[in-house]
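Please read this briefing beside the sequence and the model, and look up each residue as it is named. The points are grouped by topic.

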Amino acid sequence: MSSASRLSTRVLLICAAIGVGTGILGGAAGWLTLVVLATAPWAYGLVLGSHVLPGIIAQQVVRRPWVALLTHLLAALVASAMAPQWTLRFLGTAVLFGGIQEGVAALTRYRVWASARFFVSAVIIGLVVAAAVWFAAHLGALAPWAQVASLVIAVLGPVAWTAAGIGIGSGLRGAGVARGLSRR
């Protein structure tokens, strides 16, 4: 007999369910982006930070390789159906954020699932977001207080969303969503 797939049907269905739920949130964030960039561009990091949720929740629930990236891509497809003007950005963000989350997990050989590990990926993502938003939204033209607020929010936004994702993932795991999956 062949060995079981690392991404069994059950794992794929869990990732799909998480991807749909977070993709709906991502689509809403896509539409909210227009409002935030027009009224308070310094707060954009909080909106963009919401895109960490698919991978954080998936990794917290399933704790296997590739679930963050897969769930991010599924969430990006759902979000793209809701806000098609952002399709390429959703997909790019999925690959970037999912890749960072997978990379941090891979550094621990997918054996460390403590909250601190999730927050390491959140800070890395926050730093990437801060740099990207700084240039994309021309934040250098804002008042100094807005520039500082933008950098702080860009880093802390993904951290806050990561905390929410850990809570959601822990709740799902506690409810038995991952029951029956072998421990890794």
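Predicted model: local features only at pLDDT ≥ 70, side-chain atom pairs only at ≥ 80, totals over all residues.

**The largest pocket**

- The helices α1, α2, α5 and α6 each supply at least two residues of the lining of the largest pocket, and the largest share, six residues, comes from α5.
- Sorted by class, the lining of the largest pocket consists of 14 nonpolar residues, five polar residues and one charged residue.

**The nonpolar cores**

- The largest nonpolar core has 23 residues, of which Y44, L48, F97, I125, V129 and V133 touch the most other members.
- At least two residues of this core come from each of α1, α2 (44-49), α5, α6 (115-136) and α7 (144-174), with α6 giving the largest share, five residues.

**The cavity**

- When the whole structure is searched, one cavity of 30 Å³ or more is found, and the largest cavity has a volume of about 110 Å³.
- The largest cavity is lined by 14 residues, and G26, H51, P54, A75 and A76 are the ones that lie nearest its centre.
- The elements that give two or more residues to this lining are α1 (9-39), α4 (67-82) and α5 (87-107).
- By class, the lining of the largest cavity holds seven nonpolar and seven polar residues, and no charged residues.

**Two residues with positive phi**

- W66 is not a glycine, and yet W66 has a positive phi of about 75 degrees; this residue is found in the loop between α3 (53-62) and α4, where W66 is exposed, with a relative accessible area of 52%.
- R109, in the loop between α5 and α6, is likewise not a glycine and has a positive phi of about 55 degrees.
- Is R109 buried or exposed? R109 counts as exposed because its relative accessible area is 59%, and exposed means over 50%.

Conventions. Residues numbered from 1 in each chain as written. Heavy atoms only, no water. 1 Å grid on protein atoms, 1.4 Å probe; cavity = no way out; pocket = protein on both sides within 12 Å on 5 of 7 lines; lining within 4 Å. Points joined across faces, edges and corners; volume = space filled by probe spheres on them. Helix = DSSP H or I, 4+ residues; strand = E, 2+ residues; numbered from the N terminus. Nonpolar A, V, L, I, M, F, W, Y, C, P; charged D, E, K, R; others polar. Core = buried A, V, L, I, M, F, W, Y, C linked by side-chain atoms within 4.5 Å. Buried < 20%, exposed > 50% of the residue type's maximum accessible area, 1.4 Å probe, protein only.
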